[in-house]
Structures are given as C-alpha cells and as structure tokens.
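Me: I would like a close look at one part of this model, followed by what surrounds it.

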Amino acid sequence: KAAGDPLITEIQDWNRYLGEGVDAAPYGSPSEFEAHVVRRNVPWLTADPVSSINFTPLHELDGIITPNGLCFERHHGGTAVINPAEHRLMINGLVDTPLVFTMEDLKRFPRENRVYFLECAANGGMEWRGAQLNGCQFTHGMIHCVVYTGVPLRYLLEEAGVKTNGKWLLAEGADASAMTRSIPMEKALDDCLVAFKMNGEALRAEQGYPLRLCVPGWEGNMWVKWLRRLEVGDEPWHQREETSKYTDLLASGKARRHTWVMDVKSVITSPSPQAPVTHGKGPLVISGLAWSGDGTIKRVDVSIDGGRNWQQARIDGPSLPKALHRFYLDINWDGSDLLLQSRAIDDQGFVQPTKNELRSARGENSIYHNNGIQTWHVNTDGVVENVEVS
Ligand code: MTE
Ligand code: CO
C-alpha cells in the first residue's frame, strides 16, 4: 500500500498553532513565499542607479493591473521626496491668469478614475539589433498599468484661461532632473490627467508623489513625475528630452521626432525565459499582455511555430483604451520544441510588425519605439530562451 502524502495525512504547523493577530502588519506585504517577485535592475545598462531603470516582473503577474510596489521605475535624477503640504503646481505663460495650486486646491476639482498603461519609449531598446536580454521582465518590463485618480488637465487650463495663441504646454518636474517635455495643446485638452492616486492609494514616491501628469497612450517620458509647473506657449521648447533623446535616428541620417504614440504591441509573459514550463507535456496555459497607445486591442494571435501558423488568443478581463489587455491561449503541449510569438491588432487596424519589418522601415540606429514581435524558444525540457527567427 502506497504511503499517503504527508501534506494530506499529517497535521501541519500552520494548522496546529494560532497565527499572527490583525495588527501584526498595519500596512500589508506580499506573502514571504513571493519574495522573488520584485523589480530588477540590469546594472550594466546604465552608469548610475540615480539615472536608471528597473523592470516590472511581468512574468509573475496576471490580469491587467500592476501592483504599486512592482511598477517599474525610471528616473533621471533619483526619486524626489516631497511633503505634499510643500508641493505647488504653477500654470504660467500664455494664460489670462497665472495660477498656483496647492494639493488641497487640486482635490477640490472634479476628478476621474482611468486605467492606463505607461510604457517607456525605450522599452525593448536593447533588442533592436538582435535578441539580447533573457526574460520578458527585461525585454518588455518598462511598462505598468494602474488605475489613476486625478483631475482632467483641461479643468486646470480652463481655470487659468489659455490664450488663443497657446498651442503648446511645457510640463516640468520638481526633481533634480527637472524633467521637461512639450505637449501639444490638443492632447492636453483631450485626455491628460493630473493624478494623485494610483490603484486607490497615494502615488508612490517613485511614481511622482504627490503629483504626476498622465499622457495616455504616449511615451512614458512625457508623464512628468513630481509635476510642479505647466507653461503655455506657442511652439515646442526643444528640450533635451525631445531633441537629443526620444527621437529616432533613421538609416538615412534623418531623425523622426515628436513620435509620441506608443504603437500596438504584445508579449507572451508565460512561458518566458524566467517562467519556464516545469510541468511537462499536456495542458499548458500560454498568457501575455497586449496594448496600443491608439485605442483598445481588438485581437491577439499566437503562433507556436515561429509565425508560420496563427491561432486567435482569448482576451480576458477589461478591454479599455490605452490600457493593458490580458490574453490566453490554452494548448495541449506535445512536448516538442516551440517558437512562441504573439501579434496584436488594435481597433484602428494597426498590426504589430515583425522585427525585420520594423528594421526595414526604421533602420537599426533606433533605441525607442521597438514594438516588434517577440519570439521565445521553448525546448523539450521546457527551458525558454529569447531568440529571433528570420
Ligand atoms: N518625470 C520626472 N520628473 N523625472 C523623471 O526622471 N522619467 C520619465 C517619466 N517622468 C521622469 C519623469 C520616464 S523616461 C518615464 S519612462 C516615466 O516617467 C517612468 O515612470 P515610472 O517611474 O512611474 O515608471
Ligand atoms: Co522613459
């Protein structure tokens, strides 16, 4: 007679002894068994952690919302620590009445709740010339998606009264990098938010506490954190971050600029190099994320043979504009090698390109706006690697 599983037949300690009381952790933390689910840095990518990035552990997450403590961080001058009582937001330039708001003032405007992804334009920037980093955390983890609570920027601009020649807005951060970006007025008046909450609680310091700008669907660099000033002008300012950075050098030697929208994109998050298949052949859940700065995701196709054949994946959960979408393909794995790919299509009809299509259009000098199709090789042992197919 086979011995019973002691996890069934024996009484375990957690079943025998009382646990901690309700006040043991006034602000909760994840289970101690989830300690490996953390943001990670790639130290050789940048010279110093104050002007660096860490990456969201996409391979460990599900659904569409990123927990606050796992949202990737990108700062150019470290995290500013600001007491909200000492924070001010100024509106100046081509306005009828220059204004200064306290945080308390801002919380008296009507507010909205919106789910948006934020993707750094440099997400995937290391992969332009070939497969490089072994994990979707590193190839695609400069993205997060949270519920923001904030005041539509339109209300603040209306309060100040934009002059008729006010066509551009300069957003400026209060951190040591004084991040500054020019934003066209149509976008500012359309769907931008001045946010003070993420996923229901105050912004994390790393995400711009007490106030950040949300520029839905547009490159993360424009989402100015620790937002302290909005200047209205009649032309763009040509700041560092919109000239020498965040422009795309083409093969011709010309650079594309004002490439604000984050184009349609997707990635399989599991299986992936950090999330290998450990259970052998049989039922296998293939899962991933898709998003588009132009709208919602209409369809995601998945290939298990490197793009020869495609099957339509199942999108599950909310399908919101300019937010992450979660997809699944449930297969019966026969244990053979797989070349996994996903391809997203948005409601404007944009189709995610292959990496080679992207290179023939843009050359190989680019850093930003790499939305090419990712390939993962799964071997017969379930080990997964970042590869490219030609
Ligand atoms: N805002 C300020 N003030 N300072 C910064 O360094 N980094 C930008 C943007 N806003 C930055 C900033 C960049 S490049 C990105 S991708 C996003 O913030 C990152 O936002 P996160 O740290 O919340 O992920
Ligand atoms: Co960025």
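Me: Leaving aside its neighbours within four places in sequence, which residues is Glu 119 in contact with?

Reply: This is a predicted model, in which local features need pLDDT of at least 70 and side-chain atom pairs count only at pLDDT 80 or more, while totals for chains, interfaces and linings use all residues. Residues are numbered from 1 along each chain as its sequence is written, chains are lettered from A and ligands numbered from 1 in the order in which they are written, and side-chain values use heavy atoms, with hydrogens and water left out.

Glu 119 belongs to strand S6 (residues 112–119). Strands (E, at least two residues) and helices (H or I, at least four) are DSSP runs, numbered from the N terminus. Beyond its neighbours within four places in sequence, Glu 119 is in contact with Met 142, Ile 143, Glu 219, Gly 220, Met 262, Lys 265 and Trp 291; contact means heavy atoms within 4.5 Å. Glu 119 has a relative accessible area of 1%, so it is buried. Buried means under 20% relative accessible area, exposed over 50%, and partly exposed in between, with a 1.4 Å probe and protein chains only.

Gly 220 is among the residues nearest the centre of the largest cavity, together with Arg 74, Arg 212, Trp 223 and Lys 225. On a 1 Å grid over the protein atoms alone, a cavity is a set of points where a 1.4 Å probe fits but cannot get out; a pocket is an open set with protein on both sides within 12 Å along at least five of seven lines, and lining residues have an atom within 4 Å of a point. The whole structure holds 4 cavities of 30 Å³ or more. The largest cavity has a volume of about 220 Å³, where grid points are joined across faces, edges and corners and a volume is the space filled by probe spheres set on the points. Its lining of 20 residues divides into 8 nonpolar, 7 polar and 5 charged. Here Ala, Val, Leu, Ile, Met, Phe, Trp, Tyr, Cys and Pro count as nonpolar, Asp, Glu, Lys and Arg as charged, and the others, Gly among them, as polar.

An open sheet of 3 strands runs in the order S1-S2-S3, with antiparallel pairing. S1 is joined to S2 (residues 52–55) by 2 bridges, and the two run antiparallel; strands pair if DSSP finds at least two bridges between them. In this pairing, Arg 40 stands opposite Phe 55 of S2.
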